[in-house]
Amino acid sequence: MPLKTPAQYVQSLRDLQIRAYVNGERVESIVDHPAIAPHINTVAKTYELAHQLEHRDVMTVESHLTGDRIHRYTHIFQNADDLVKKIQMLRLLGQTTGTCFQRCVGLDALNALYAITYDIDAGEGTDYHERFKKYLVRVQASDLMLAGAMTDPKGHRALRPGQQPDPDQFVRIVDRRDDGVVIRGAKLHNTGGINSHEILVMPGTGLKEDERDYAVACAVAADAEGVVFIFGRQSNDSRKLEGGCDIGNPRFGVVGGEAMVVFDDVFVPNEHVFLNGQTQYCGSLVNYFATWHRANYGGCKGGNADVLIGATAKMTKVLGTEKSSVVRDKLTEMIQMNETTYASAIGASAMGYALPCGSFMVEPMMANTVKHNITRNVYQIGRLSHDLAGGFLATMPGQKSFDNPEIAPYVEKYHQANPEYETQERVKLGRYIENMTSVTTMVEAMHGAGSPQAQRIAMLGQADIDKKIKMAEAVIHGKDDVPGLPLPGKDK
Ligand code: SF4
């Protein structure tokens with residue numbers, strides 16, 4: 001079945017024996033756990049929209065391998081239009097869920113592995129690419145939810161993987177067998193991993209020749225023996241369990257349900273191993289993945305910001321301030337920042353170029369610029385939202401105050417603003433703004449797809465400063481003007 005329904009996705013998770021822990025406790029069924037269910041519901045939207053005719057062109061695409069209509073989340077980018085449609089898909093999903101919908105990490109990992117397996121085969125005469133294509137056909141046919149796992153714990157930051165006092169601080173191969181490899185280690189901040197079918201494990205850094213055991217990329221079933229998920233805490237996560245007006249985003253998660261995933265001596269059969277010891281390709285693999293993922297943020301955060309701007313605008317109506325020119329100006333500034341990053345992501349996609357394997361890469365400078373601007377704009381948009389929503393955000397009453405008849409009349413009376421709106425509506429909007437501008441959300445925007453410094457290094461590396469110096473010299477000292485014009489500096 002190339003396109004799963006939401007119900008099939010949920011059932012397929014039930015069929016897995018995932019070993020997961022939330023708040024230190026073993027979870028019997030991830031689908032039935034209230035901390036995980038909102039994240040599952042978010043991913044279910046990616047499946048749902050693919051069945052809607054109006055979104056067919058954005059959410060689905062023809063497989064270049066089989067010709068079947070598949071989910072865009074399992075597709076290899078074939079041209080610039082595919083890259084543009086991906087950004088459009090992310091904005092649509094961001095607008096629909098108001099949060100991170102998780103599947104993009106697996107998508108970009110699929111594309112990175114498709115490209116790097118081709119490069120390795122071309123350089124080393126191996127057969128990883130054919131192996132990967134067989135895997136990809138299965139992923140597309142089953143419409144799998146994939147998680148990408150790249151970030152190692154890293155231990156002592158000044159030491160390379162092989163120098164760590166604990167060698168497991170980077171995922172590594174601890175045994176090479178005829179039929180596969182055994183891996184050990186952990187990956188952090190794993191978006192959507194806990195509710196994925198499979199995890200695409202990749203190295204998190206470039207490696208040196210003597211770091212062969214750390215050079216491993218492979219697909220691991222989420223319920224493979226030795227895989228353990230430890231769900232991270234999020235700001236305000238316990239509100240989800242309380243109900244009422246305190247939840248914020250009641251149906252969907254806050255960011256991507258990130259977890260630590262432990263690989264405690266996990267066996268991976270050869271057909272799921274896509275890089276084994278080729279250290280010289282690890283840097284390119286990381287770069288492929290990061291560049292695609294950095295452009296994404298102009299789409300997904302754009303959609304999220306649309307919802308945040310909407311919540312903030314509605315809050316101004318609840319307060320009765322919506323007609324103020326100052327308020328309208330601040331909303332305009334939020335919109336301007338949001339559209340700027342979206343436009344950059346569309347630009348990076350439209351300027352994409354073909355890789356040796358035939359798939360398409362976004363324009364790297366613009367992609368890095370998108371992500372770098374997001375690390376600022378999400379905070380700045382949040383700041384303006386706080387500004388317009390007022391100090392109430394920090395002191396709002398909770399559901400229990402509305403439930404206690406002794407104080408409910410006071411809470412209702414003294415927190416009501418524009419009488420056209422119920423007081424609890426003001427709290428619900430405030431809680432949503434609080435969710436979307438709280439620590440977890442902001443930090444994800446800062447560090448997801450690489451910290452700001454990683455983008456700065458990439459931007460400077462791609463900027464070709466020497467070329468810009470030559471441009472400046474040509475403008476200032478050039479003598480190639482049309483003869484006969486009375487240019488004041490022509491003889492200088
Ligand atoms: Fe997708 Fe954005 Fe979440 Fe990354 S942060 S997985 S691009 S929604």
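Contact here means heavy atoms within 4.5 Å. I am working from a predicted model.

**Entry 1: R431**

I looked up R431 first. I found R431 in helix α13, which covers residues 423-436. Which residues does R431 touch, leaving out those up to four places away in sequence? I listed R239, C245, D246 and G248, and then M396, P397 and G398. Is R431 buried or exposed? Its relative accessible area is 6%. Buried means under 20%, so R431 counts as buried.

**Entry 2: the ligand**

Next I turned to the ligand and its surroundings. I noted C100, F101, Q102, C104 and V105 around the ligand, along with H293, N296, Y297, C300, K301 and E444. Which elements give two or more residues to this shell? They are α5 (103-124) and α7 (282-319). Helix α7 supplies the largest share, 5 residues. I then sorted the shell by class. It has 6 nonpolar, 3 polar and 2 charged residues.

Last, I checked for open space. Rolling a probe the size of a water molecule over the atoms shows where empty space is left. I looked at the second largest pocket, which holds about 260 Å³ of space. How many residues line the second largest pocket? I recorded 20. Closest to its centre are V22, A35, F231, D237 and S238. By class, the lining of this pocket divides into 8 nonpolar, 9 polar and 3 charged residues.

Conventions: Residues numbered from 1 in each chain as written. Predicted model: local features only at pLDDT ≥ 70, side-chain atom pairs only at ≥ 80, totals over all residues. Heavy atoms only, no water. Near = heavy atom within 4 Å. Helix = DSSP H or I, 4+ residues; strand = E, 2+ residues; numbered from the N terminus. Nonpolar A, V, L, I, M, F, W, Y, C, P; charged D, E, K, R; others polar. 1 Å grid on protein atoms, 1.4 Å probe; cavity = no way out; pocket = protein on both sides within 12 Å on 5 of 7 lines; lining within 4 Å. Points joined across faces, edges and corners; volume = space filled by probe spheres on them. Buried < 20%, exposed > 50% of the residue type's maximum accessible area, 1.4 Å probe, protein only.
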